[in-house]
Amino acid sequence: MRTTTFSKLPTVIILSVLLIAGLSGKSWAQENKPYCGGPELSLSDPGFFEKRIACAKWSMGLEGGYAIKLWGRNNFDMFQVLPSVTFPISGPKGRSWWRGVWEYKMEGVFGFMVNHDNRIEAGFSPLGVKYNFIGDGRFVPYTELLMGAVYLDAPRNRQGSHFNFIESFTVGTQYFVTKDLAMLVSVRFRHLSDAGIDEPNQGFNSGHLMFGVTYYR
């Protein structure tokens with residue numbers, strides 16, 4: 001099955017969002033010194049976590065969870081581990097409930113296909129953006145888009161090429177247990193396909209439930 005317009009759509013969306021976020025990051029690079037160099041806030045102050053995320057040098061995350069087939073013919077149920085690193089690329093944007101901070105995100109991908117003798121998946125998503133919806137409390141909802149590639153050790157009669165592209169969309173929330181450490185839970189939709197490199201290219205559309213932790217530096 002060749003790549004369809006639908007399978008190309010997430011890539012177009014991700015590249016468009018990366019361009020927008022990059023333009024935001026350029027202005028943020030010029031503005032962050034006065035914003036981040038202001039008075040130090042305490043945990044109870046409104047805006048503390050907004051400033052914590054926007055002014056972080058970087059953050060590191062680790063997520064683990066399970067992925068199941070949503071639709072399609074392939075069924076590669078997986079247990080996954082996803083290490084990541086993010087960098088703020090904007091100051092606070094917007095107002096009201098949608099006020100937030102953009103981050104650039106890169107993510108490693110490691111998984112085991114539990115219904116295929118624990119065959120592996122390993123790869124990297126170097127193109128990603130995360131938008132944190134900042135309120136006054138410790139809960140920080142977010143959405144993110146990621147794009148990358150993986151080696152998928154699936155049977156060749158199920159997926160023709162071991163080299164596959166992935167695009168994912170995630171909705172989740174973080175809860176800061178300290179000023180530097182946040183716990184998170186998220187749900188994710190992911191599309192996997194070899195973009196017609198080899199046949200069969202049935203792809204894999206999956207839903208993921210993930211739990212993890214993020215440390216801000």
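## A guided look at the nonpolar patch

The protein exposes about 10,600 Å², of which carbon and sulfur atoms supply 66% (Shrake-Rupley method, 1.4 Å probe). This is a predicted model, in which local features need pLDDT of at least 70, side-chain atom pairs count only at pLDDT 80 or more, and totals for chains, interfaces and linings use all residues. Residues are numbered from 1 along each chain as its sequence is written, and side-chain values use heavy atoms, with hydrogens and water left out.

Visitor: Which element gives the most to the nonpolar patch?

Guide: The patch covers about 1,100 Å², and its residues include Leu 62, Trp 71, Phe 79 and Phe 112. β1 (59-71), β2 (78-88) and β3 (100-113) each give two or more residues to the patch. With 5 residues, the one that gives the most is β1.

Visitor: Does Val 81 count as buried, partly exposed or exposed, and why?

Guide: Val 81 lies in strand β2. Buried means under 20% relative accessible area, exposed over 50%, and partly exposed in between (1.4 Å probe, protein chains only). Because its relative accessibility is 31%, Val 81 counts as partly exposed.

Visitor: What is the mean pLDDT of the protein?

Guide: pLDDT is the predictor's confidence in each residue, from 0 to 100. Over residues 1-7 it stays under 50, and where pLDDT is low, the predicted coordinates should not be read in detail. In the protein, 83% of residues reach 70 or more, and the mean pLDDT is 83.

Methods. Patches are made of residues with over 30% relative accessible area and no salt bridge: like charges are joined within 9 Å, nonpolar side chains (Val, Leu, Ile, Met, Phe, Trp, Tyr) within 5 Å. A salt bridge is a side-chain nitrogen of Lys or Arg within 4 Å of a carboxyl oxygen of Asp or Glu. Helices (H or I, at least four residues) and strands (E, at least two) are DSSP runs, numbered from the N terminus. Contact means heavy atoms within 4.5 Å.
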